[in-house]
Amino acid sequence: DALATLRQVHGARVVEPTASTAEPPAADALVLTTPGLAGAVFGADCPLLLLIAPERRALALVHSGWRGTAAGVVPATVGHLRRAHGVRPDRLRVVVGPSMCGTHYEVGDEVVDVIQRAVPSTDGLVKPTRPGHALLDLALAIERQLTAAGVRPTAIERHPACTWEAEDTFHSYRRDGEAAGRHVLVAGWVRG
């Protein structure tokens with residue numbers, strides 16, 4: 001019946017609207033429990049996540065680029081679901097959407113440093129390339145944050161596509177620049 005969106009700001013703020021608004025809130029995670037209200041988040045290389053708690057009829061749509069991952073948007077979302085809706089993290093199901101893979105996502109050392117501080121285990125996350133740079137597997141970093149927050153590893157499904165590599169299928173800001181389109185993740189609870 002209605003669609004809620006966000007003004008994505010690469011942070012860790014979680015919002016829970018009960019209706020669509022003329023001015024989308026500044027946040028990167030959208031929690032929905034209202035039947036008939038869908039939500040949407042957008043990305044072009046950043047992972048988009050869907051967290052589902054069917055027993056509580058709660059779900060979350062998350063945009064988690066490197067800044068949001070470093071800020072803790074994923075653990076903040078899991079925590080919100082637990083506090084506001086009694087969702088046990090080990091009962092969540094999670095899908096991590098297509099994103100730029102660790103084979104192509106080159107970042108500077110400053111990004112590596114903040115991600116390594118935000119992730120409990122950094123083995124296999126980073127592969128040095130040239131001085132001051134490394135390849136980063138951001139989706140793997142997010143998976144580690146999810147498991148540290150109590151989500152079962154077997155309840156996390158990661159889409160295998162790399163947005164950089166799959167140019168006939170997915171947009172990539174890193175590959176196409178300002179001309180890149182955006183992916184959209186839309187989800188919600190139907191009435192009835």
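These legends walk you through a few views of one protein chain.

This is a predicted model, in which local features need pLDDT of at least 70, side-chain atom pairs count only at pLDDT 80 or more, and totals for chains, interfaces and linings use all residues. Residues are numbered from 1 along each chain as its sequence is written, and side-chain values use heavy atoms, leaving out hydrogens and water.

**View 1. The buried side of helix H3.** Helix H3 spans residues 109-118, and its buried residues are Val111, Val112 and Ile115 (buried means under 20% relative accessible area, with a 1.4 Å probe and protein chains only). These residues cover an arc of only 100° around the axis, which puts them on the same side of H3; the arc is that of the directions from the helix axis to the C-beta atoms.

**View 2. The other face of H3.** Turned away from the buried side, this face carries Glu110 and Arg117, which are exposed (over 50% relative accessible area).

**View 3. What covers H3.** The cover over its buried residues includes helices H1 (66-71) and H4 (138-148). Strands E8 (106-108), E9 (126-128) and E10 (133-136) are also among the covering elements.

Note on methods:
Helices (H or I, at least four residues) and strands (E, at least two) are DSSP runs, numbered from the N terminus. Contact means heavy atoms within 4.5 Å.
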